[in-house]
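Subject: Structure handover

Hello,

Here is the structure I promised to pass on. Please open it first, then read my notes below.

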2 protein chains.
Amino acid sequence: MDELKGLPEATVIHDSSDLEPFLRDESHMVGLPPLAVVKPHGPAALRELVRLAKTEGFGLVPRGAGTGKAGGCLPTPRSVVVDFSQWPGDIRVSPQDLCLSAPASAPLREVKAAAQAQGLFYPPDPNSWESCALGGTLATNAGGPNACKYGMTRHWVLAVDVLLEDGEIHTFGISSVKANAGPALSQLFIGSEGLFGFIVGATLRLIPQPREHTTLLLPVKRWEDLLDLPGRLCGDGYLPSAFEFFDPAVLAELRAHGPETARRLPGEALAILEFDERGSTSEAYLEGLLDLLGPMAEGLEIASDERQRQNIWAVRRMTSVFLKERHPKKVSEDIVVPRSRLREFFEGLDRLGCPAVTYGHLGDGNLHVNLLAAGDTEPALLERQLMDLFRLAVNLGGTLSGEHGIGLAKREAFLALGDPAQIQALRALKQAMDPCGIFNPGKVI
Amino acid sequence: MDELKGLPEATVIHDSSDLEPFLRDESHMVGLPPLAVVKPHGPAALRELVRLAKTEGFGLVPRGAGTGKAGGCLPTPRSVVVDFSQWPGDIRVSPQDLCLSAPASAPLREVKAAAQAQGLFYPPDPNSWESCALGGTLATNAGGPNACKYGMTRHWVLAVDVLLEDGEIHTFGISSVKANAGPALSQLFIGSEGLFGFIVGATLRLIPQPREHTTLLLPVKRWEDLLDLPGRLCGDGYLPSAFEFFDPAVLAELRAHGPETARRLPGEALAILEFDERGSTSEAYLEGLLDLLGPMAEGLEIASDERQRQNIWAVRRMTSVFLKERHPKKVSEDIVVPRSRLREFFEGLDRLGCPAVTYGHLGDGNLHVNLLAAGDTEPALLERQLMDLFRLAVNLGGTLSGEHGIGLAKREAFLALGDPAQIQALRALKQAMDPCGIFNPGKVI
């Protein structure tokens with residue numbers, strides 16, 4: 001695209017072989033070749049890009065580290081990818097204000113490490129935390145196991161710097177959790193997958209770094225026994241910082257075909273619980289937990305040092321890796337079902353008639369349902385099965401994405417199953433914030 | 001207004017003497033007499049009200065318990081007050097899902113008590129928590145002392161039920177903290193003071209009820225010594241659940257004219273700190289705190305039981321009451337200044353040339369600056385002083401409202417000092433969500 005050749009403050013990639021890596025993220029989707037990939041390193045590039053997008057009629061597709069799982073950063077017809085990996089800025093921690101500011105390009109790993117170096121903590125921990133960029137986690141409101149205690153990315157953002165459709169960068173929010181001068185526009189951009197503007201930087205809230213971790217591997221004889229556990233724990237003062245779940249189907253698969261260590265996993269179902277409070281490694285704390293678990297504690301494994309802790313978490317990691325290797329064409333979906341409806345969900349899942357194994361974050365009802373036979377299923381049938389799965393979650397008061405977002409991958413399902421009032425409101429808001437439709441066109445709605 | 005006479009599912013108040021209580025909230029503003037006050041007790045009333053507002057061209061002004069401090073619920077020209085105090089619904093706690101649903105009419109006191117009865121906790125604690133209604137706290141994104149640890153109301157809302165401009169009630173969000181199926185529209189309504197629709201109910205997130213509290217009354221020789229303290233505490237693993245501050249001016253006023261107990265308050269400035277973690281009343285915890293405070297701990301008072309705790313908090317309550325009694329016409333403003341800029345703020349405040357005493361929430365930089373001579377100040381001069389105060393806060397990276405909101409009271413200041421891009425975006429969003437301008441017209445923007 002000739003107009004992009006003189007773009008200031010940017011690296012521009014035109015060559016079609018160099019465009020190849022930008023057609024994919026970590027979803028199963030593939031994008032269309034973009035007109036170009038632009039890596040801006042200053043506001044002049046963005047200003048000019050927005051002007052050209054309007055006058056030449058192309059779309060702008062934001063990209064961080066490309067670790068998204070919903071195709072949100074994949075190029076759509078007649079689009080330019082705006083890759084923020086070269087966007088300048090330093091990670092700056094202010095212990096006095098208990099906050100941190102960073103550019104969208106900052107690796108989340110480095111953001112978390114910068115806080116930790118001051119004894120402070122930035123909680124969001126998506127699975128991709130060692131490889132993703134901060135900007136992507138903001139655009140998708142990233143989650144992770146810690147969300148059951150600490151909430152999602154949106155709960156930790158104090159302010160965002162956003163490219164709006166006027167071509168300029170505007171800041172919404174201040175460096176304090178208290179700010180009520182008008183509606184919080186920052187929240188409109190977090191989790192909106194670039195629909196209303198592109199986030200180029202943010203100020204994040206920090207709290208004390210947890211210094212203790214107690215990790216439990218908890219086998220249960222009946223998986224339903226886990227349903228009351230989060231409420232019973234919290235009612236007794238114990239808030240887990242992670243509460244992961246393995247259903248009977250995934251355990252059966254692991255025992256039958258998994259690695260040696262997996263074959264000995266006990267129970268009908270399995271949970272991993274972690275507590276990171278001050279004092280959570282004390283004897284009194286553990287005794288309280290054991291009292292509360294009562295007969296459920298049979299077979300419980302407790303990690304009391306970091307090596308044992310990593311051994312327990314290895315069960316979680318091994319599950320993902322093993323399933324991916326054994327069923328390379330499986331489809332993993334990221335739904336939410338309230339715990340109080342989980343019995344009905346598993347009954348419904350049985351009726352769908354497609355082999356599925358489930359694990360994920362029971363602490364917030366966010367389940368990763370893996371359709372193992374997806375690769376051998378006729379595409380139209382698979383699509384129907386997925387829609388049935390989403391409908392099941394939605395009808396039980398859940399939703400079709402807990403942490404990955406909608407992007408391209410779930411757009412059709414969202415339009416079919418989403419509340420029409422929500423979709424109508426989103427379209428009106430899109431029109432208000434981006435009347436020319438230049439920001440991430442064809443995504444979500 | 002005759003059209004309202006046949007309104008279904010509602011109590012309608014027309015008589016001008018009965019309208020009187022609806023002209024005021026807890027701000028210094030007075031509203032105009034409304035066309036009527038409607039107390040809906042079913043969706044048919046809201047449907048018909050919205051239809052009439054559009055056809056007859058009047059505005060709808062939402063009202064909860066009338067405890068707001070920014071005039072957000074006061075009637076504007078040609079408006080009908082929609083008082084939600086009779087809106088039906090029960091408070092229902094789901095321990096299994098760790099959430100609670102309640103109608104807008106629910107007293108916040110009862111919401112918090114319902115959670116507590118199950119050992120669970122709903123953190124928001126605005127000063128009016130014993131008298132306000134849930135709906136008002138949602139519309140204004142209420143804060144309180146606990147916000148420095150737990151965040152604002154918006155951080156605890158999972159879903160909202162909102163009356164939109166189509167006259168229907170729509171639900172945005174689910175009962176889980178994880179929900180990424182499209183941008184979180186619930187966040188658009190929280191803290192937007194009814195601009196985009198009226199919140200009639202919500203689902204709230206719950207965590208374990210704190211079982212221990214340690215409260216410190218900390219006098220300091222130099223007030224600046226407090227500036228680093230939140231960062232030092234958090235860097236060492238201590239997150240206060242409250243961090244209140246009394247500046248030298250308010251202490252001088254208390255010592256000179258306050259009640260007997262106040263005359264002995266030590267130090268140049270004073271802080272109240274509270275910790276509510278598990279184990280925070282243990283000896284080891286307190287020893288750690290004392291180590292960290294070092295020489296600052298001289299004169300420290302520690303509450304180790306509930307009576308002593310209430311004695312310390314009485315200092316905070318007594319301050320508000322005393323100031324209000326001695327300076328009934330004082331004006332108290334609710335600004336935010338980042339701690340790292342607080343030295344500059346107090347220098348700037350001195351230069352404004354109006355006697356001011358300051359106390360408030362140092363844990364999040366939310367300060368209540370009291371202009372004592374406001375009653376004797378010529379109105380135009382007072383207005384200039386307030387604008388100078390707001391400008392000072394904004395120029396230091398703060399904002400003109402930390403927890404009370406904009407409403408009517410700060411509308412002009414917001415329009416003068418707010419970021420033009422923010423105001424432009426708010427107007428575009430307002431047009432998108434409420435094209436007829438029926439929802440709380442004349443407020444905020």
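A:Lys410 and A:Glu333 are both buried. The two form a salt bridge, with their closest N and O atoms 3.2 Å apart. This pair links distant parts of the chain, 77 residues apart. A:Lys410 sits in the loop between helix H13 and helix H14 of chain A, while A:Glu333 is in strand S16. Keep in mind that this is a predicted model.

The whole structure has 38 salt bridges over all chains. One of them joins the side chains of A:Arg309 and A:Glu274, at 2.8 Å from N to O. A:Arg309 lies in helix H11 and A:Glu274 in strand S14, so the pair ties together parts 35 residues apart in sequence. Both of these residues are buried.

Chain B has a salt bridge between B:Glu298 and B:Lys221, at 3.5 Å. Each residue lies in a loop, and the pair ties together parts that are 77 residues apart in sequence. B:Glu298 counts as exposed, at 57% relative accessibility. B:Lys221 is exposed too, at 62%. Elsewhere, salt bridges with shared partners join A:Lys178, B:Asp364 and B:Glu403 into one network.

Now the surface charge. A:Asp236, A:Glu283, A:Glu287 and A:Asp291 form a negative patch. A:Asp291 lies in helix H10 of chain A. Its relative accessible area is 67%, so A:Asp291 is exposed, the cut-off being over 50%.

Last, the cysteines. There are zero disulfides over all chains. For A:Cys73, the nearest cysteine sulfur is that of A:Cys132, 12 Å away. A:Cys73 is buried, at 9% relative accessible area. A:Cys354 is buried as well, at 10%.

Best wishes

Terms used
Residues numbered from 1 in each chain as written. Chains lettered and ligands numbered in written order. Predicted model: local features only at pLDDT ≥ 70, side-chain atom pairs only at ≥ 80, totals over all residues. Heavy atoms only, no water. Disulfide = S-S within 2.5 Å. Buried < 20%, exposed > 50% of the residue type's maximum accessible area, 1.4 Å probe, protein only. Patch = residues over 30% accessible without salt bridge, like charges linked within 9 Å, V, L, I, M, F, W, Y side chains within 5 Å. Areas by Shrake-Rupley, 256 points an atom, 1.4 Å probe, with all protein chains shown as cover. Salt bridge = Lys/Arg side-chain N within 4 Å of Asp/Glu carboxyl O. Lys, Arg positive; Asp, Glu negative; His and termini not counted. Charge placed at Lys NZ, Arg CZ, Asp CG, Glu CD. Helix = DSSP H or I, 4+ residues; strand = E, 2+ residues; numbered from the N terminus.
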